[in-house]
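Let's take a friendly walk through this structure together. Have the sequence and the 3D view at hand as we go.

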Amino acid sequence: MRTLVFIPAWNEEASIAEVIADVREAIPGADLLVVDDGSADATAERAREAGAIVASLPFNQGLGAALQTGYLYALRNGYDACAHLDADGQHPAEEVARLLAEVTADRADLVIGSRYHAGAVSGTGDYRPTFSRKIGISVFRFFLTLATRQRFTDTTSGMRAANRRVMSLFSQHYSPDFAEIESLQLAVRQGLRVEELPVRMLERAGGTSFLTPVRSAFFIFKGLVVLLVGQFRPRQAEAER
Amino acid sequence: MSALPLAAGEAQVHLTSQTRIVAAVLAIFFMLLILDLIRRDRLQERYSVIWFVAGLGMLAGAAFPGLLELVAEAMGVRNTNVALFSIVLLLLLGLALNFSVIMSRQAAQITRLAQERAIEKALAEKQAGEARNGGSAGEQTLEPKKESL
């Protein structure tokens, strides 16, 4: 069983080395890839020094394209399972290992680490969302649940584990703008087994979220349009792989 | 826009010969510009067809004003100017949409190109690293080497 852990990173020179070290310790058997999304700082150098393979996009393409690069790399190089986590240190690698265990045990095709899942709150849930974020979360939660007829609590989580069926799907179709939400909808529509696992996440170490109220509203509106359009995409018979 | 001083009840607006000449000259100038852009490789032929058709349409409208009146009548519009503006507006709307589609396709192509290059470079880097660490014996190892820091 070959496993790849990849980390999309855009200007994360301060935290990337720490995240890599964390992954190496918690998931020692996995290969490590950092997808450098056109960083202007020394993210790629820091990652190389920490011993990761670095795939550098020549210019910033957005989170969706960076994640897709990871899935494509995993698919091309014959990995059986892959996982990704954020580069800012919010995602403890030991939690990623738990997601990967679900995939390698073949209990699901795609596993999402959820901050808000009932199990996450009890004792381990350190994460406290702000008010405007709470609204966005519940709106997306409601509509994604409506669209997929499956309950999701954390629609924008960037901590996921997947098998080869997901790799082949996501390396073909992955929305550059609304990567997290649309990919969930797509995976469910293609008949993949998507599962949420409660995980512990940490507060952002530094920097603030980009969401102001106006931006939040626009973000939510855009997300709803994406979801609506996604409902009209054809369901393809999954190509056997 | 179309609030020209026309008598109430008058069905048609007739283009004066002056406006017809101006329109025809503009149309010809426009088509020459397109040709020149193609000639200097500033515009690809496949994107020029639509503009050429637009130029021809302008020329036809200038040469045969009756054509425009026919179209206006077919649209059920009494004022020819309104018909003209509507047609031009729809044409521009269609063109803008066409460009959005082309832009989206090219954005997707650029992204894939960037991804392919990033992966290729990463693999080359990885192989170089393995060759350094493993030497000639490293050729046979199936598992990628886990190098220590």
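In chain A, 76% of the contacts between residues at least 6 apart in sequence join residues at least 24 apart; two residues are in contact if their C-beta atoms, placed from the backbone, lie within 7 Å. This is a predicted model, where local features need pLDDT of at least 70, side-chain atom pairs count only at pLDDT 80 or more, and totals for chains, interfaces and linings use all residues. Residues are numbered from 1 along each chain as its sequence is written, while chains are lettered from A and ligands numbered from 1 in the order in which they are written.

Chain A holds nine helices and seven strands; these are DSSP runs numbered from the N terminus, with helices (H or I) of at least four residues and strands (E) of at least two.

Let's look at helix H6(A), residues 131-148. Its 18 residues reach 26 Å from first C-alpha to last, close to the 26 Å expected at 1.5 Å a residue (1.5 Å times one less than the number of residues). Just after H6(A), Arg149(A) has a positive phi of about 55°.

Which helix does H6(A) cross at roughly 5°? That partner is H9(A), residues 213-230, and the two axes come within 10 Å. Axes are lines fitted to C-alpha atoms, for helices over the stretch in contact, with angles from 0 to 180 degrees between N-to-C directions. The crossing angle therefore makes H6(A) roughly parallel to H9(A), a label for angles under 35 degrees. Residues that meet here include Phe140(A) and Phe143(A) from H6(A), and Phe219(A) and Ile220(A) from H9(A).

Note on methods: Angles under 35 degrees count as roughly parallel, over 145 as roughly antiparallel, 65 to 115 as roughly perpendicular and the rest as oblique.
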